[in-house]
Amino acid sequence: MSDAIITFKNVSKTYILYKNDQARFKALFIKPKNPKTNKALNNVSFEITRGESVGIVGDNGAGKSTLLKMITGVAFPDEGDIIVDGKVAALLELTAGFSLEMTGRENIYLKGYILGLEDEYIKEIEENIIDFAELGDYIDQPVRTYSSGMKMRLGFAINVNIEPDVLVVDEALAVGDASFKRKCKDKIKEIISSGTTVLYVSHSAESVREICPRSIYLRKGTVIFDGPTDETLQVYQDYKESVKKKIESAKKK
Amino acid sequence: MFTSIFQEHKGFGKQIFLLAKNELIKTYKGAVIGPLWSVVKPAFTIFVYWFAFSVGIKAAKAGFKVDIGASKAFSVDFFAWMFVGIVPWFFIQDSIIQGAKTLRTNRQFITKVKFPVSTILTYTGLSRLFVHVFLVLLMYAYMIFYRVTNGMAPFSWYDLQFFFYCPLLFLFFLALSWSTAPMSAFSKDFESLIVSIMSGVFWLSGIMYNSYNPDFPTGIKYFMLANPINFFANGYRNCFLYNRGFWVYKTELVIFLVEFAAVFLLGIYNYNRLRKKLPDVL
């Protein structure tokens, strides 16, 4: 289908693990010979169509964060191609990129600029953001005076209000108090129903099932299964149990 | 590939100014005299050097003789001579040291959000340029005072050459940081190396003594000409003291321009080579 918004074509990413600082220094000038490496992603290919909600499941170190970093444009693949056709908002590092000495309002503009938005457009959504973040008069105070909850709220408000084409959500996200958390969840659901593509990362099977009809299961940098969420989760579950059994049988010996 | 730095800057001008302003505020906010600190440090340094040379060593009295080659010799006040040469040095020193550290200290823009990384070097450099221009204005005020008290005209057409040297100063050390910043981000040893050679570089440059000294043997003469810091220290003196056009000493100009081209190309090469690896190592 030509309506793909995110395309991964045989993407691989290898991290080089330098033995020590000298090795790092040397690597600046000479290519290291047989360095220790960690293959974070291995020949990953998939396509996500516009408006689809896709869950990404896998254990720690499966390559989930690397994958998301590549979609948001922070990290780059060693091999293969990534095409992201649209504006990406990531609910990953909400407070990243804030300038502490500038006011909340100035930071809205700054963040908007970073995301490639125009002044007029930011002006339009400014009030929505301020309303959503519930900062009151603090919006004209330097961000350095904010509590960590307030910073998170502002970051969240900016990211969800720019009408992204792709929204990347990490489930481990916890924003503010219970009532604000509910507001966030509702907002995410609203965004999904408005037809935005959502990538949802999680360890927990239940929340993925709730939100995404399709899921991708990663293990050690490889796509093990890509299909309907129920089937993906079944494969993931089976693998976890087989590992458990192995450990148990090893203990018995 | 070759133009990635330029692409990253395209359409980002407004943000660069906003961020440069923010950088200045960040540096001086919270201090009682605020931006005046940007003057106190250089003023004290200038006083110390003047004290050491004029009072301590007594090497430089009033009527300090400067020979700028081509049978032109000047008798100038040592303090004025040093002042004009050391003002670009403050910018150079900050640009080299801070420029190398910038990517490491702004790592959140590299590892957390998508950001045109090379513009970090531009806006931090720009905030240093603001401070530099402020210092130049103070120095210019002093030079007008110096000229008037010595019976000279307060202004000179040669002063306008500042608008040739200053942008070149900014661009040269920006292009240098395209190499040094990614390399320092990669290896802390590289950063330490730069920091530790900087105080030595000061004494290898013609800031406290005349790099045009005609008594220098040819080898040392070319060693001096190869140092781009001399080009700027002498350039500022061309503007404000020597009344000499930047095109007059062609050897110096050509050597500098060749070096500038080399630093520029090397900067693009190093930046492109290391840019995509930065998020992994920071």
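**Notebook: strands, cores and the A/B contact**

I started at G55(A), which stands opposite S215(A) in β8(A). Before going on, I noted that this is a predicted model, where local features need pLDDT of at least 70, side-chain atom pairs count only at pLDDT 80 or more, and totals for chains, interfaces and linings use all residues. Residues are numbered from 1 along each chain as its sequence is written, while chains are lettered from A and ligands numbered from 1 in the order in which they are written.

**Entry: strand β3(A)**

I looked up what β8 (residues 214-219) of chain A does with β3(A), and they pair in the parallel sense over four bridges. Pairing here takes at least two bridges found by DSSP between two strands. Helices (H or I, at least four residues) and strands (E, at least two) are DSSP runs, numbered from the N terminus. I then found β7 (residues 197-202) of chain A, also parallel to β3(A), over five bridges. In that pairing I56(A) stands opposite V201(A).

Is β3(A) enclosed or open? Five of the five residues of β3 (residues 53-57) of chain A are buried, so the strand is largely enclosed by the rest of the structure. Buried means 20 or more other C-beta atoms within 10 Å of the residue's own, exposed means 12 or fewer, partly exposed is in between, and C-beta atoms are placed from the backbone. S53(A), G55(A) and V57(A) sit on one side of β3(A), V54(A) and I56(A) on the other, and both faces are covered.

**Entry: cores**

I56(A) turned up again in the largest nonpolar core, which has 62 residues; I56(A), V168(A), V169(A), L199(A) and Y200(A) touch the most other members. Such a core is a set of buried Ala, Val, Leu, Ile, Met, Phe, Trp, Tyr and Cys residues joined through C-beta atoms within 7 Å. Helix α5 (residues 148-161) of chain A gives the most to this core, with seven residues. Another core lies apart from it, with 57 residues, including I92(B) and A185(B).

I also checked V168(A): leaving aside neighbours within four places in sequence, its contacts include L68(A), V88(A) and L199(A). Contact means C-beta atoms, placed from the backbone, within 7 Å.

**Entry: the β2-β1-β4 sheet**

Elsewhere in chain A, three strands form an open antiparallel sheet in the order β2-β1-β4. Its edge strands are β2 (36-49) and β4 (79-84) of chain A. I counted up the link from β1 (residues 4-17) of chain A to β2(A): 10 bridges, antiparallel. T14(A) stands opposite K39(A) in β2(A).

**Entry: where the chains touch**

Definitions and conventions: Contact = placed C-beta atoms within 7 Å.
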